[in-house]
Amino acid sequence: MKKIKFSSQSILSILFILYILYVGIMNPKSFFTLNTLYDILKSSSVYGILALGFLLIIIAGGIDMSFSAVASFSTYVTAILLFKLDLYSSNILIIYLIGIVIGGSIGLLNGYLVALLKVPIIVVTLGTSAMISGLLLFIFGSTVIFNIPPSMLYFSKMTFGTVTTVDGISNSFHPSILIWGFLSILMYIFLKYTTFGRNIYAMGGDINVFERSGESRKKMEIIIFIISGCLSSIAGITYASLYRVVNPSMFMGGELDVIAMVILGGASINGGKGTITGTIIGILFINLLKNSLILINIPSIYQTLSVGIALFLGVIIPIICDKYFYKIVK
């Protein structure tokens, strides 16, 4: 019994399973369906991609507050360039590539400023977030683009793995789920099996020890932010394609959800800790929580409150268990 470790990830897994059972008991006909599963995975994909980038930063010992602004800016500027450069009919891969270049460039700026100024990441990214958002609104205003390229419209309608139930209802996966899954696998391999990935944990665990090892902190910070910027732009393009609209403030206010997903998944705000598996569980739990409130007769206006409560419980319960459980079993 004394060997039991109450981690945030294990507590979250238990809460996740219990919540699934609770919602299923309350509304079994509507909840336990393939359509519900596919909807949760689809709605999780965009914020799941954002969370992957945020996970890198928090493992490295910082808190990035600019990822939503980077996603919005890169997506909106990409849409403008498609019109200006007569690339409106471009393939969806070309659109993603343009967005990745823009997002990666902003990530490079973020990383360079963090490395140059040597101040907490949250300070730099709060500043760049405000500048990026302000620049976007100053140049383009709050104009929403509904006339998106045909390839993005086609992407929004794409499906695969169609399954027809006994009731004759067809359910299909959306490619955005594949993108999220593919990127998650790449990130898992990157963090677990590459020297650079292990160095990210080392840098977040103890920066002084990391620097004495001879590794370049500046190089690490710049590359991490470039990756985060690229992931943010992918999330932005995916969001715009799914919802068929490009909004300059598409992710504003969504930072809490992403932070909650990663922290609930076991990442430490002090750095040096965090896993892809835990983050995925956190993503699915938060999205399930937000999307299933109506099924248990709770008004949707309580979404933010429910996320806050879940974040509080996911962080506090492991601390309480580790502090008092061992005293009981001694």
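Visitor: Is K290 buried, partly exposed or exposed?
Guide: This is a predicted model, and the relative accessibility computed for K290 in it is 22%. Buried would require a value under 20%, and exposed a value over 50%. K290 therefore counts as partly exposed.

Visitor: Which residue meets K290 in a salt bridge?
Guide: The side chain of K290 takes part in a salt bridge with an N to O distance of 2.5 Å. K290 belongs to helix α13 (residues 276-291) and its partner to helix α12 (residues 255-264), so the pair ties together parts that are 33 residues apart in sequence. The partner counts as buried because its relative accessibility is 10%, and this residue is D257.

Visitor: How many residues apart are E221 and R217, which form a salt bridge?
Guide: The closest N and O atoms of E221 and R217 are 3.0 Å apart. Both residues lie in helix α11 (residues 217-243), where their separation is about one turn of the helix, namely four residues.

Visitor: Which relative accessible area does E221 have, buried as it is?
Guide: The partner of E221 in the salt bridge is R217, and R217 counts as partly exposed at 34% relative accessibility. E221, by contrast, is buried, with a relative accessible area of 7%.

Visitor: Which residues are in contact with S90, leaving aside its neighbours within four places in sequence?
Guide: S90 is found in the loop between α4 (67-84) and α5 (92-117). At 12% relative accessibility S90 counts as buried. With those sequence neighbours left aside, the residues in contact with S90 are L82, I95 and S151.

Technical notes. Residues are numbered from 1 along each chain as its sequence is written. This is a predicted model: local features need pLDDT of at least 70, side-chain atom pairs count only at pLDDT 80 or more; totals for chains, interfaces and linings use all residues. Side-chain values use heavy atoms; hydrogens and water are left out. A salt bridge is a side-chain nitrogen of Lys or Arg within 4 Å of a carboxyl oxygen of Asp or Glu. Helices (H or I, at least four residues) and strands (E, at least two) are DSSP runs, numbered from the N terminus. Buried means under 20% relative accessible area, exposed over 50%, partly exposed in between (1.4 Å probe, protein chains only). Contact means heavy atoms within 4.5 Å.
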